[in-house]
Each structure stands twice: as C-alpha cells, then as structure tokens.
Amino acid sequence: MNSKMVIAIDGPAGAGKGTVSKALAKDLNLAYMDTGALYRAVAYSMLENNANIENAEEAGKYASMLGNEISFDVLNSPNLRTAEVGIAVSKIAAITEVRKALFECQINFAKNPPLDKNGSILDGRDIGTVICPTADFKLFVTASAEVRAERRHKELLEKGENIAFETVLNDIRERDKRDSNRKDAPLKPAEDAIIIDTSNLSILEAINKCKENIK
C-alpha cells in the first residue's frame, strides 16, 4: 500500500456499511468504492443478456470486461439495486473466476487514489480479509437479519417494487448463508476488525460511532 490512508469496511447486505463509507469518505476526503456494485454490475449485465449466471466461465468473461472498462456512472445506476439483481449477485460473487477478474480493479483503486484525496475507502465483504489486509483501519458493520430486511424492504417499496417483507427476509438469510459459506473470500470480520452493530443505531449514530473509532 502507499502512504495514504486505506479504510476497509465489510459487512452483510443492509447493515449500513455503504452509508457509513460514503459519510467517512466525505468527512475524511477519501476516494470511495462500493465493491458490491462491481458484482451487481456483472449480475445486471448477465441478466440483461440472458446469460447463465451460474456458468463460471461465462460469468468470468463478463467480469473481465467490466473490470477492464470500469465506469463509475454504471456503478451508481439504480438498475443495479433491484431485487432481481440482489438475488443474482451473491451467486455471481461466489464464482472464483468472477472474484479473480475483479481483484486487480479493487487493488488498483485502493493503492492509487486521486492526488487530491487523503486515501481510499472500500466497502464490501472481503476488503479487510482479502483485498486490503494491511488497511490502516478495518470495520465490520453488521445488524440482525430482521433489521436489515426491514431496511431493504422499505427501500424497495420506495422504488415502486411490490415485494413481501417475508420474501426480502428470506433473501437476506439465503444471501448471508451463501456469502458466509462460499469457498473463496467468505464473509467474515478480519481478525483485527472493529465490530459495529447498527441494529439499534440511527444512521447518524452509526456514522459517528465509526468516526470515533477512526479519529
């Protein structure tokens, strides 16, 4: 790593790591990458082209194309945040060929932030354990499955997606199981990560707690 600050934030879906990461990036003047959006972009592209998301070779090719021509406009697209993409993405993320294809893209971002930034902050599921194991700070942001499902359900309803809460909760639990039990880079806290449970915290409280641990 370079002499600039690197912060790794991991955690399951809906725990608030993205919200926390964006706030820290703004407050500390850091370049920010939502690494989960990389995998969502692969899943979305494959779904749009009716590709088989369980075909490792095919998924790897889509990931390679994305990794070589990364567009942050694409990563910010609301099309990546649908329930359909959410279900597909953890299947995509479990494929070794996909993870290998996107590895260098994440490493390069962490090592080479823009000159006007104090460093970089990446959030995902294996940042502190695989992508940036020597990060200056490692946080693991989590919350109960029920709380995370409530947050996600509200978000989907606000976007006009008519979906039952029980469906969202089951999807969250299934995704947790897949993410935690996959062979490559399973979801887990780094040994030296600070655990932040946001189940009973407001957004502002969660952000402030993370800031306190870093500052």
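Q: How much space lies in the largest cavity?
A: The largest cavity holds about 110 Å³ of space. A cavity is a set of points on a 1 Å grid over the protein atoms alone where a 1.4 Å probe fits but cannot get out. A volume is the space filled by probe spheres set on the points, with grid points joined across faces, edges and corners.

Q: What sort of model is it, and what are the ground rules?
A: This is a predicted model: local features need pLDDT of at least 70, side-chain atom pairs count only at pLDDT 80 or more, and totals for chains, interfaces and linings use all residues. Residues are numbered from 1 along each chain as its sequence is written, and side-chain values use heavy atoms, with hydrogens and water left out.

Q: Which residues lie nearest the centre of the largest cavity?
A: G36, Y39, A93, R125 and R182, out of a lining of 13 residues. Lining residues have an atom within 4 Å of a point.

Q: What classes are they in that lining?
A: Three nonpolar, four polar and six charged. Nonpolar covers Ala, Val, Leu, Ile, Met, Phe, Trp, Tyr, Cys and Pro; charged is Asp, Glu, Lys and Arg; the others, Gly among them, are polar.

Q: Which helices supply at least two residues each?
A: α2 (35–48), α5 (83–93) and α9 (165–181). Helices (H or I, at least four residues) and strands (E, at least two) are DSSP runs, numbered from the N terminus.

Q: Switching to α10: which residues are buried?
A: A206, I207, C210 and I214, where buried means under 20% relative accessible area (1.4 Å probe, protein chains only). Seen down the axis of α10, they fall within an arc of 95°, so they line one face of the helix. The arc is that of the directions from the helix axis to the C-beta atoms.

Q: What do those buried residues pack against?
A: β1 (5–10), α1 (17–28), β4 (137–142) and β5 (194–197), with contact meaning heavy atoms within 4.5 Å.

Q: Which exposed residues are on the face turned away?
A: L204 and E212; exposed is over 50%.

Technical notes. On a 1 Å grid over the protein atoms alone, a cavity is a set of points where a 1.4 Å probe fits but cannot get out, and a pocket is an open set with protein on both sides within 12 Å along at least five of seven lines; lining residues have an atom within 4 Å of a point.
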